[in-house]
Amino acid sequence: MEENKHVTIYDIAERLNLATSTISRALKDHHTISDKTIKKVKKTAEEMGFVPNTLAAGLRGNKTRTIGVLIPTVTQPFLSSLISGIEITAQKSDYTVIIMQSHDSYEEEVNMAKSLYSNRVSGVICSLAMETRDTAHFHQFSNNNIPLVFVDRVPKNYNTFRVVIDNYSAGYKATKHLIEQGCIRIAHITAGSELGNLYSERKRGYIEALKDHNVDIDENLIINLNSVTYEDGVKASNALFDLKPMPDGLFAPGDILAVSAVQTAKKRGIKVPEEFKVIGFNNDPISQIIDPNLSTITHPAEKMGKAAAEIIIKNLKSAKNDDAKEITFLNTEVLARESTQK
């Protein structure tokens, strides 16, 4: 095997004294090349350590067999599981995955979208940044027949594929659970813009559950955040605990916010769940590690990733693109643990 040198079809052609076009066709099992020559070429290519330049070939055909994934961050367990589902499905169909992070910045999301387009990805899967209000930067994909799927954080008005859960129903279930556990002053933390309707739908479920069970809606108990971090959760929790009277329950739209509430309560001498009950969202690993264990809502992240990748691959294989549609996963459920026990 030759080392320290990138072997090309020209090197194989020189070794076998054949035309480069013959080498190229033989490597692709072309019907104009005899089986004997194909075997000889492939054996020599293997011996010389030849690796096909799939990127260059893809660029020539304007198809790179690459799926671009644009997400806020890879550090959130939900998004990590989402990526896992995408990669599992992509690899089965010999597609590679490029992952880019917007860090919840609109400007970064715009730049990353441009980068994916310039790299000629075959399709794009995106979960919107928290700051995003305008989705015009995705038109470059839609206008050029590059399949585009929004997952989880999706725009309200964009005619393309979506993979989501029923966030309204999930928010309703979480709030109803707190009511059933005896809570009457239930706080809620929400986030983001109305564009990515994930949080607004969970908030809508929270409000409707309060109405249906004749529990007062107090705007002071609803806090809106610009980002969803542990630090943001601590600030929001302290603001809630400063209220007189303070809330006796909290529906947090993410486990990291719920965990920050539990730990802030502990520092302030507030007993969880005796004085303050908390339910989170996503069933992240930390929800089972924290003491007390966190009640939460399940979120089928890996299944959503698989579904998104399947949509991309199906549309790339089909000569006629399917009409854009939404896939909604309904199988979210309450996982009742120690943080909401009576």
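Predicted model: local features only at pLDDT ≥ 70, side-chain atom pairs only at ≥ 80, totals over all residues.
Residues are numbered from 1 along each chain as its sequence is written, and side-chain values use heavy atoms, with hydrogens and water left out.

View 1. A salt bridge here is a side-chain nitrogen of Lys or Arg within 4 Å of a carboxyl oxygen of Asp or Glu, and the structure holds 8 of them. Look for Arg185 in the loop between H8 and strand E6 (186-191), and for Asp218 in the loop between H9 and strand E7 (222-225). The two residues are 33 residues apart and link distant parts of the chain. Helices (H or I, at least four residues) and strands (E, at least two) are DSSP runs, numbered from the N terminus. Asp218 is partly exposed, at 22% relative accessible area; buried means under 20%, exposed over 50%, and partly exposed in between (1.4 Å probe, protein chains only).

**View 2. Asp104 forms a salt bridge with Arg153.** The closest N and O atoms are 2.6 Å apart. Asp104 sits in the loop between strand E2 (96-101) and helix H6 (106-118), and Arg153 in the loop between strand E4 (148-151) and strand E5 (161-165), so the pair ties together parts 49 residues apart in sequence. Asp104 counts as buried at 14% relative accessibility, and Arg153 counts as buried at 6%.

**View 3. Asp29 and Lys42 meet through their side chains in a salt bridge.** Here the N to O distance is 2.8 Å. Asp29 belongs to the loop between helix H2 (20-27) and helix H3 (35-48), while Lys42 is in helix H3, 13 residues apart. Asp29 is partly exposed at 46% relative accessible area, and Lys42 is partly exposed at 33%.

**View 4. Helices H8 and H9 pack against each other.** Two packed helices are described by the angle between their axes and the distance between the axes. Axes are lines fitted to C-alpha atoms, for helices over the stretch in contact, and angles run from 0 to 180 degrees between N-to-C directions. For H8 (residues 167-180) and H9 (residues 198-212), the angle is about 40 degrees and the axes are 7 Å apart. That makes H8 oblique to H9 (under 35 degrees is roughly parallel, over 145 roughly antiparallel, 65 to 115 roughly perpendicular, and the rest oblique). Residues in contact (heavy atoms within 4.5 Å) include Tyr168 and Tyr172 in H8, and Leu198 and Tyr206 in H9.

**View 5. Helices H1 and H2 cross at roughly 110 degrees.** The axes of H1 (residues 9-16) and H2 come within 9 Å. That makes H1 roughly perpendicular to H2. Ile9, Tyr10, Ile12, Ala13 and Leu16 in H1 meet Thr20, Ile23, Ser24 and Leu27 in H2.

**View 6. His103 lies in the loop between E2 and H6.** Not counting residues up to four places away in sequence, His103 touches Ile71, Pro72 and Glu108.
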